[in-house]
Amino acid sequence: MKASDLFVRCLENEGVQYIFGIPGEENTDLVDSLIGSEIDFILVHHEQAAAFMADVYGRLTGKPGVCLATLGPGATNLLTGVGNAYLDYSPVVAITGQAGLERIHKQSHQYVDIIGVFEETTKWSQQIHVPHTIPEIIRKAFKTALLDKPGAVHIELPEDVAMMDTEGEPIPVTPLPISRPAEEEIKKAAELINRAKRPIILAGNGVIRDGATDALRQFAEAKNIPVVNTFMAKGVLPSNHPLTLYTVGMQARDYVLCGFDLADVIITIGYDIVEYLPKYWNDEAMNPIIHIDSLPAEVDAYYPLQAELVGDVKETIQALNSYVEEKELWSEVIRLKNQLVEKLHESDEVSGSPVIPQRILADLKKAEKGEAIVISDVGAHKLWIARMYQPEKPNHVIISNGFASMGIAVPGAIAAKLAQPDKPVIAITGDGGFLMNGVELATAKRLGLAIIIIIFHDSKFGLIEWKQLNKFNRSNAIQFEDPNFIEFAESFGAKGIKVKHSDELLPALEEAIQSQEIVLIDVDVDYSENVKLSKTLGDYICKL
């Protein structure tokens, strides 16, 4: 058989359902081998979008998302999305074509060393030199993408290797090993928690990745320990849970941190240091830390470890549960929780034009009733979503936070709808982020996917303006002119709704959720709230 045929058989063996990408001359044999395959090729309009789709698909399904590009510019266009998956720990297998082996030793048309380019943004980057190694390389790639902390891997298939005749069979897929910390380490951590009067849990992305949400909730409830989550761990506890202290992650002193200031031990569970540097929540390195994760902790001066439990997060929580005594919920938590609830909802009904971010998110929560998957782009709206929007379930708010890549929302929403077709899927983006990959509306339309896109419209890069105003009290080089987004949506066969006043918002959202088509809602946003937020951060720090 042809090498590219064996390659596709190995992908089928791995359970691949979708490949997101763009055909090119150097991957044409592989694309041809997909004819008649059970794998659906999702044609996109930019390779960056393909990598974002693979990222979000991998994060929502727990199976590696797969993206494909040709050599040179096609491959480098994947890089941003692959880097995003690498730092957000999403399982992704990126496949690129390459020039024939006979010309990669010299300057050649469109040739650059893509293996070298991808080595810094993947767990493993490998070229296929001879076709009989294809089964081993693909099995290793998918295993590596999922092993320990998931992430991106890269396979390069040169065009002449893809055409070669070969023999071989896919290697059987076997379950990944589940590790557990040593018993003495579990007992040591339990003893530290038992001695503590004011323990607090910082839940990170690894809780969701390892399927440990229920185990975390049961542990917190059984021991009466409050839980704070990172941006990427939203939904580990429902928004009305008495033990949730909501979300932390602003790069400034926030009142949520009062719980950390008062705690005498912090239990980090599934926390990735890339999510939120310890210096922002443990700035004097005074709080002792118990680290629970699938890999050892990164060395950091602000992350002083008292115990380190390395193993499967779910298994570790369950093992620890049997050694930790039930505690009485410390009284300051109740008062802090009440203050948080008041602060988070104080602007829910503010009326006006343009619409403040808090009102947009409050109305969205009313409209979607805790069922939608919300994909956040990167920009000022991301910080408002991270701070204010509390989902009821894990993996129902997807935020790019490790690499923090603009342009992820629209392609991410397409992947989310493919992964969870029965769920409403809502992309929230700024106008700047939307214009980066808004053309993928054509992909959603071609696939017949009903997604909702909400644009926070201010005709500027609002987050950068926010940072500039805080630092210099002035801004520069952040404004631009937008197209008519309603006409833009309609040109792709989508429905467009313009919202200028808060009173128009909830009806538009409810209409969009009931619709079975692509709906773009263009909302004029009042970002004067950004600087107000910066000035009020820390208002409640240790004033309990």
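The side chains of Asp293 and Lys149 are joined by a polar contact of 2.8 Å (a polar contact being a pair of N or O atoms within 3.5 Å; within protein, one must be able to donate a hydrogen and the other to accept it, and residues adjacent in sequence count only if both atoms are side-chain atoms). Bear in mind that this is a predicted model: local features need pLDDT of at least 70, side-chain atom pairs count only at pLDDT 80 or more, and totals for chains, interfaces and linings use all residues. Residues are numbered from 1 along each chain as its sequence is written, and side-chain values use heavy atoms, with hydrogens and water left out.

**Around Asp293**

- Asp293 sits in strand 11 (residues 289-293); helices (H or I, at least four residues) and strands (E, at least two) are DSSP runs, numbered from the N terminus.
- At 0% relative accessibility, Asp293 is buried (buried means under 20% relative accessible area, exposed over 50%, partly exposed in between, with a 1.4 Å probe and protein chains only).
- Asp293 also belongs to a network of salt bridges with Lys149, Arg209 and Asp272; a salt bridge here is a side-chain nitrogen of Lys or Arg within 4 Å of a carboxyl oxygen of Asp or Glu.

**Salt bridges**

- Searching the whole structure turns up 21 salt bridges.
- One of them pairs Arg209 with Asp272 at 2.8 Å, N to O.
- That pair links distant parts of the chain, with Arg209 in helix 9 (residues 205-209) and Asp272 in the loop between strand 10 (265-269) and strand 11, 63 residues apart.
- Arg209 is partly exposed at 21% relative accessibility, whereas Asp272 is buried at 0%.
- Lys423 and Glu371 form another salt bridge, their closest N and O atoms being 3.3 Å apart.
- Lys423 is in the loop between helix 16 (409-419) and strand 15 (425-430), and Glu371 is in the loop between helix 14 (357-368) and strand 13 (373-376), so this pair ties together parts 52 residues apart in sequence.
- Lys423 is buried, with a relative accessible area of 16%, while Glu371 is partly exposed at 35%.
- Glu511 and Lys495 also meet in a salt bridge, at 3.5 Å from N to O.
- Here Glu511 comes from helix 21 (residues 505-514) and Lys495 from strand 17 (residues 495-499), so parts 16 residues apart in sequence are tied together.
- Both ends are partly exposed: Glu511 at 40% relative accessibility and Lys495 at 29%.

**Gln127 and its contacts**

- Gln127 is part of strand 5 (residues 124-127) and is buried, with a relative accessible area of 9%.
- The Gln127 side chain makes a polar contact of 2.9 Å with the side chain of His129.
- The side chain of Gln127 also makes a polar contact with that of Glu156, at 2.6 Å.

**Helix 4**

- Helix 4 (residues 73-88) has 16 residues, so at 1.5 Å a residue it should span 22 Å, and its end C-alpha atoms are 24 Å apart, which agrees (the expected span is 1.5 Å times one less than the number of residues).
- There's a bend of about 35° at Thr80, taken as the angle between axes fitted to the seven residues ending there and the seven starting there.
- Buried residues in helix 4 include Gly74, Ala75, Leu78, Gly81 and Asp88.
- Just past helix 4, Tyr89 has a positive phi of about 55°.
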